[in-house]
Amino acid sequence: MYDLLLIRYGEIGTKGKNRHVFEQRLQANIAAALRDLGIDEVERAYTRLYVPVKADLEEIIQRLQKVFGIASFSPVMRVPLEVEAIEEAAVKLVAESLRERRISPKDKLTFKVITHRANKGFPLTSPEMNKRLGACLLRKYPQLTVDVHQPQLSVEVEIREHYTYIYSERIPGVGGLPVGVSGKGVLLLSGGIDSPVAGYQMMKRGVEITAVHFHSYPFTSERAKEKVLDLAKVLSSYGGPVPVHVVHFTEIQKAINEHCPPKLMVTIMRRMMLRLAEAVAQRERAAALITGESLGQVASQTMESIAATNAVVRLPVFRPLIGFDKTEIVDLAERIGTYSISIQPYEDCCTIFVPRHPETHPKLAEVERAEERLPMEELMEEALARTEVVVCGK
Amino acid sequence: MIYLDNAATTRVIPDVAEVVQKAMTEAFGNPSSPHTLGLEAERLVRQAREAVAAALGCQADEVYFTSGGTEADNLAIRGTLQAKIRKGKHVVTSAVEHAAVLETLKHLAQLGLCEYTLVPPDSTGKVAPEDVVKAVRDDTVLVTVMTVNNEVGTIQPVAEIARLVKERDPEVCVHSDAVQALGKVRCRVKELGVDLLSISGHKLGAPKGVGGLYCRQGVRIVSQITGGGQEREMRSGTENVPGIVGLGRAVALAMEQMEEQTALWRRLQERLLALLEEIPDAQVMGSPLANAPHIVNVGFPGVRGEVLVHALAAEGLFVSTGSACSSRREVASHVLKAMGVNPQAAEGSIRISFGWENTMEEVERAAELIREAVRDLRRFQRY
């Protein structure tokens with residue numbers, strides 16, 4: 001019955017002169033999300049995007065619900081700018097709604113007609129259209145009664161430049177900004193619960209993600225790496241392929257373990273990670289780093305610890321979960337589909353070698369002194385040279 | 001590559017792979033079909049059944065093919081409980097059984113369909129027959145104790161257990177999971193005195209997905225998979241002819257070569273243990289030389305088993321952890337725990353297990369790789 005999906009975008013509608021950049025990106029992202037369903041044309045007209053229903057409607061809806069930048073969307077019928085055609089479509093729409101809701105002619109259903117007349121050249125005004133369509137539907141379906149305040153069914157009619165669109169459903173989108181409009185960020189992806197959620201949050205603000213994972217084979221397993229790639233694949237369903245830079249971190253961990261005081265091991269390890277992530281960012285022309293830190297969650301996430309690790313990089317480090325409780329992070333992880341992967345019990349480099357009592361208030365000077373014993377350049381070069389890039393998602 | 005994880009699974013023996021391939025591409029008929037292709041398949045299944053029966057020392061019609069050891073254990077346990085529902089629902093087992101037994105009992109107990117008693121082993125993993133008999137109650141319907149433990153290789157005194165249990169109450173069924181025993185230690189069902197015995201193909205060079213249950217004539221158990229009535233109504237579903245043919249051939253080969261093969265394994269085991277004992281603080285679990293010849297379980301305090309396994313795999317040596325564990329869960333092996341091994345040693349333990357193709361050179365090289373890896377890894381301790 002439906003010809004198209006009409007897509008509304010919220011926030012980006014307000015972006016002034018850059019608006020067309022945002023619109024084009026959203027259009028491209030939607031096309032990319034639907035391409036393997038055989039849909040590649042996304043039509044853009046004024047402040048709406050249109051996708052043809054050329055595949056399973058439910059599948060298209062599920063995909064669109066993962067595209068950032070969409071405020072809401074509706075499956076619509078498209079008819080010419082003629083009153084008779086509009087009436088006919090409205091009748092069809094109501095018939096389908098009654099069938100879906102199993103409303104027999106003896107039952108009751110309240111409804112109202114809402115006309116949006118963007119095309120002021122259309123001969124009837126919005127109130128006139130509402131009245132005319134309402135009367136037509138009441139004649140046709142005795143089970144209908146009008147309720148303008150809290151109708152069970154809203155028949156919406158959008159009269160636009162070339163066509164009229166008729167629909168009864170508004171499906172909320174995920175909001176946010178189209179992935180890519182805010183630039184590129186390097187996400188430190190560990191395999192735990194937090195970091196994929198942090199990635200999701202930044203994607204929501206339009207950031208294209210490149211992930212970096214620190215692999216410490218044999219201290220961590222191949223399965224831990226597979227798990228991270230699985231997480232990246234879930235993230236890719238929200239905004240296109242996610243390259244994962246798998247950095248060979250073993251030698252660095254060994255060196256830290258050998259040369260640095262146990263209680264500072266975690267701080268120094270985190271500093272090495274940020275340094276490496278920044279190096280990856282330079283290679284990838286990314287402008288920010290992203291971590292899943294949440295203030296006070298563990299020893300390495302106290303204010304002092306964050307300050308001590310942050311000191312080694314010049315790029316901004318985004319920590320979108322900094323003010324989140326664990327339960328909030330878990331809820332989000334479940335919703336976006338990363339939780340069940342994250343809780344697989346393979347260790348990552350953050351949990352091995354961790355001393356029983358790490359320093360919660362590291363002094364920067366002390367940390368820097370301890371680091372002097374590391375052959376820094378050599379270690380960095382070796383780790384980066386042995387970095388493998390795996391692109392996850394289509 | 002040196003593969004020493006044969007208690008997990010084995011490479012299929014080329015000769016076995018060949019007969020399996022033939023059963024898939026030539027004698028591919030359904031044994032239930034009346035035409036000649038069906039008859040040919042039926043004949044192959046019968047031959048395999050006879051080979052298994054010969055190995056176990058039973059009648060061919062006492063062998064039922066299943067999808068593997070786990071299904072055989074499930075069939076034995078569930079089938080007995082259902083058949084003896086009037087007598088009771090109590091089961092006696094050991095604390096060191098495979099998950100196929102323990103998890104099945106736990107699950108049934110949660111559903112209220114059984115009660116069970118776990119008999120603890122001694123420090124070598126062996127249960128005392130007297131302890132097993134003491135746990136038998138008037139409402140006990142099944143005693144199930146494995147023939148050879150899969151983690152440490154301990155041989156259980158199944159024959160003595162069966163004898164004492166039958167003395168106490170001949171109505172009690174005795175089952176043994178012999179998945180790790182067939183081809184490694186003597187397992188003749190008459191000598192063991194068991195009513196039910198589970199076996200598996202992929203532990204001895206047959207493909208995965210095939211196993212069997214011996215069910216003594218006159219013992220009634222209830223079928224768990226119903227349908228077309230294959231396997232004399234015991235296990236419906238079109239026979240896995242290629243798997244069954246492979247199992248038959250692998251069992252026949254194992255029996256032919258058993259004396260020679262087990263003697264070689266014992267020599268490999270002795271040599272490996274001698275070499276491993278040179279590693280400082282190496283702790284051998286159980287009492288391997290007095291038990292199954294193909295398994296050695298050894299711990300190295302200060303080294304996590306999982307990490308050691310990964311490090312060895314990077315060098316082309318494949319062994320297994322004594323148990324799956326991670327620092328988040330600290331799940332030590334239930335077997336080692338029951339044996340009273342201290343958790344630190346249990347965490348570091350690995351299992352080395354021989355198969356049909358291992359050689360002395362491989363074992364010596366393996367010992368060297370383990371020594372080096374343990375030395376390297378011990379430098380990186382947790383504080």
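Two residues count as being in contact when heavy atoms of each come within 4.5 Å. Keep that in mind as we walk through this model, which is a predicted one.

Let's start with A:Tyr46, which sits in the loop between β2 (43-45) and β3 (48-52) of chain A. Once neighbours within four places in sequence are set aside, A:Tyr46 is in contact with A:Tyr9, A:Glu23, A:Arg160 and A:Glu161. Take A:Glu161 from that list: 115 residues separate it from A:Tyr46 in sequence, yet their C-alpha atoms are 9.2 Å apart in space. Is A:Tyr46 buried or exposed? With a relative accessible area of 57%, A:Tyr46 is exposed, because the cut-off for that label is over 50%.

Now over to chain B and its helix α6 (residues 158-168), where B:Val158, B:Ile161, B:Ala162, B:Leu164 and B:Val165 are buried. An α-helix makes a turn every 3.6 residues, so residues three or four places apart point the same way. What do the buried residues of α6(B) pack against? Their partners in chain B are α5 (129-135), β5 (140-144), β6 (173-177) and α7 (189-192).

B:His175 is buried, because its relative accessible area is 0%. Its side chain joins that of B:Asp73 through a polar contact of 3.5 Å. Beyond residues up to four places away in sequence, B:His175 also touches others, including B:Ala76, B:Leu142, B:Thr144, B:Leu197 and B:Leu213.

Note on methods:
Residues numbered from 1 in each chain as written. Chains lettered and ligands numbered in written order. Predicted model: local features only at pLDDT ≥ 70, side-chain atom pairs only at ≥ 80, totals over all residues. Heavy atoms only, no water. Helix = DSSP H or I, 4+ residues; strand = E, 2+ residues; numbered from the N terminus. Buried < 20%, exposed > 50% of the residue type's maximum accessible area, 1.4 Å probe, protein only. Polar contact = N/O pair within 3.5 Å; in protein donor to acceptor, adjacent residues only side chain to side chain.
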